[in-house]
Amino acid sequence: MLITIKYFGQIAEVTQKDEEQLEVSEGLVSGLLSVLNSKYSDLKNKDFQIAQHQELVALDTELTGAEIALLPPFSGG
Amino acid sequence: MKDKKPMKSVFKEGAIPSEFIGNSIYKHQTKTNIGAHNIFLGQVRADEIDGKTVAAIEYTAYEDMANQKFHEIRESAFEKFDLTCMHIYHSLGTVKSGEICLFVFVSSPRRKVVFKALEYIVEAIKADVPVFGKEIFEDESHQWKVNS
């Protein structure tokens, strides 16, 4: 399935883009993360959480095809 | 009489002007059941890190999720506290040191409520809302802000 992935803050500095669409096989969020880790080798040195459909999810969550976002530590306010 | 409105964006481009804050206070003069307001203003600090001084913070956000989170914080604050109204504004883009980047405004008939509500709301914003601050130094280098 085709998934939109958004990158923010220092994660976008690693990926050199704010957003992309990737063809991903069905499975868990952890599967997608391995794909991204091999695509962007500096990603594993970064601290981030993953959101699916705008909610934070654990790595063992099933991919639904909804938008994924890689979110570095929040620093609002 | 709670003025719960549909979800709206809390983001404003650039710093939040003091005129805007003053005007918000003025607009509440017609709501005469209010007996107490409490206001939090977040200001960009000129931190000195390794001899370099922060000149500005550039804010970005995962806006859809952030607005959803602001909405949840708002709903839960109204549930927990006897508030007449609340307003939240957060900057996006560049805010120079000394300027205001966060404006939270709560109102209630009674004072004790607004002290508790304001702290709850500000702490929830810091913890739950996907906003990212890039600290820009005077020499144009940068680092990513971490909330403490």
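**View 1. The contact between chain A and chain B.** The contact takes 14 residues from chain A and 20 residues from chain B. Here two residues are in contact if their C-beta atoms, placed from the backbone, lie within 7 Å. On the side of chain A that touches chain B, α1 (9-15) and β5 (68-71) of chain A are the elements that give two or more residues. Helices (H or I, at least four residues) and strands (E, at least two) are DSSP runs, numbered from the N terminus. By class, this side of chain A has seven nonpolar, six polar and one charged residues. Ala, Val, Leu, Ile, Met, Phe, Trp, Tyr, Cys and Pro count as nonpolar; Asp, Glu, Lys and Arg count as charged; the others, Gly among them, count as polar.

This is a predicted model: local features need pLDDT of at least 70, side-chain atom pairs count only at pLDDT 80 or more, and totals for chains, interfaces and linings use all residues. Residues are numbered from 1 along each chain as its sequence is written, while chains are lettered from A and ligands numbered from 1 in the order in which they are written. The model scores ipTM 0.95 and pTM 0.92.

**View 2. Chain B as a whole.** Chain B has three helices and eight strands. Along the sequence they follow the pattern β-α-β-β-β-α-β-β-α-β-β. The C-alpha trace of chain B spans about 50 × 30 × 25 Å along its principal axes. Residues 24 or more positions apart account for 78% of the contacts in chain B with a separation of 6 or more. The average pLDDT of chain B is 94, and 95% of the residues score at least 70. pLDDT is the predictor's confidence in each residue, from 0 to 100.

**View 3. Strand β6 of chain B.** Eight of the nine residues of β6(B) (residues 100-108) are buried, so this strand is largely enclosed by the rest of the structure. A residue is buried if 20 or more other C-beta atoms, placed from the backbone, lie within 10 Å of its own. Across chain B, buried residues make up 30% of the 148 residues.

**View 4. The partners of β6(B).** Strand β2 (residues 36-43) of chain B pairs with β6(B) in the antiparallel sense over eight bridges. Two strands pair if DSSP finds at least two bridges between them. B:Leu41 has B:Phe103 in β6(B) as its bridge partner. B:Phe103 is also the bridge partner of B:Tyr89. Strand β5 (residues 85-96) of chain B runs antiparallel to β6(B), joined by six bridges.

**View 5. The turn between β5(B) and β6(B).** These strands form a hairpin with three residues between them. In the turn, B:Gly98 has a positive phi of about 95°.

Key
Buried ≥ 20, exposed ≤ 12 C-beta atoms within 10 Å, placed from the backbone.
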